[in-house]
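This report describes the strands, helices and core of the structure shown below.

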Amino acid sequence: MAKKATINVQDTDISVLLGNEQDYFSLTDIAKRVNEENPAGIIINWMRNKDTIEFLGTWEILHNPSFNLIEFDKVKNEAGTNRFILSVSKWIDSTGAVGLTTKAGRYGGGTFAHKDIALAFCYWVSPTFQLYLIKEFQRLKDQEAEDRKEALDWNLKRTLAKVNYRIHTDAVKMYLVPPRLAGTKREGIVYASQADILNLALFGVTAKKWREENPDLKGNICLLYTSDAADERSSV
């Protein structure tokens, strides 16, 4: 599912649907810069242009294997004439296009276009505005990449913390619990006692005491302390 974001370009808010290399801009928001009362009319005027139809068709041929070439030829032959009017919905329905899409709703609805197409529309609206949009969009993508990196780092720290905890518990079982107690009731008692000696040495508190002081935290003392330590090291 695409994540929605907003960029501000020269005091104009533009909605962006972020996907895996399938980012879509709101043409409606871009068109509002020209005519806030009737942005749909601006988009229709753009689509009346024969060059626009050829551009949209070429994009679909390159990216959409289900694109209806027969219907596209019909539209292209009509484009540029005085009688030619084409809505986004009709373009999608007749050709199976995916580069343009419409979303219903008073807030966040309108016409969206793949970034390649949106940039072409933006250039038609204003080449200067297009340059500012590219700059803001790049800033958004850089931030998105940084957020992904931080999430990946956090998951890596959690994984390492779990590994460290397993090493901790396995070491107690292997080296600190006498073999003669294996499988007996006393094994668990000795294990807990020896594990708490390590907890006191490493964290200054027993597992029981830590649970009493942190009733709302999930996980265990070793996992959470190791994660916190990793976070502190990464911030230095």
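## The sheet

Five strands build an open sheet, ordered S1-S2-S3-S5-S4, with antiparallel pairing. Its edges are strand S1 (3–9) and strand S4 (100–103), each of which pairs on one side only. From one strand to the next, the twist averages 30 degrees. Strands (E, at least two residues) and helices (H or I, at least four) are DSSP runs numbered from the N terminus, and two strands pair if DSSP finds at least two bridges between them.

The model is predicted: local features need pLDDT of at least 70, side-chain atom pairs count only at pLDDT 80 or more, and totals for chains, interfaces and linings use all residues. Residues are numbered from 1 along each chain as its sequence is written, and side-chain values use heavy atoms, with hydrogens and water left out.

## Strand S2 and its neighbours

S1 and strand S2 (residues 12–18) run antiparallel and are joined by seven bridges. Alanine 5 stands opposite valine 16 of S2, and asparagine 8 stands opposite aspartate 13. The hairpin of S1 and S2 has two residues between the strands, and glutamine 10 takes a positive phi near 50 degrees there.

Towards S3, S2 forms two bridges, again antiparallel; here valine 16 faces phenylalanine 25. Six of the seven S2 residues are buried, so this strand is largely enclosed by the rest of the structure. Buried means under 20% relative accessible area, exposed over 50%, and partly exposed in between (1.4 Å probe, protein chains only).

## Helix packing

Helix H6 (residues 115–125) lies across strand S3 (24–26), S4 and strand S5 (110–114), running at about 110 degrees to S5. The axes of helix H2 (residues 39–47) and H6 come within 11 Å and cross at roughly 95 degrees. Axes are lines fitted to C-alpha atoms, for helices over the stretch in contact, and angles run from 0 to 180 degrees between N-to-C directions.

Ile42, Ile43, Asn45 and Trp46 of H2 meet Ile117, Ala120, Phe121 and Trp124 of H6. Contact means heavy atoms within 4.5 Å.

## The nonpolar core

The largest nonpolar core has 38 residues, among which Trp91 and Leu100 touch the most other members. H6 supplies the largest share of this core, five residues. Such a core is a set of buried Ala, Val, Leu, Ile, Met, Phe, Trp, Tyr and Cys residues joined through side-chain atoms within 4.5 Å.

Not counting residues up to four places away in sequence, leucine 100 touches residues including Leu27, Met47, Trp91, Phe112 and Ile117.
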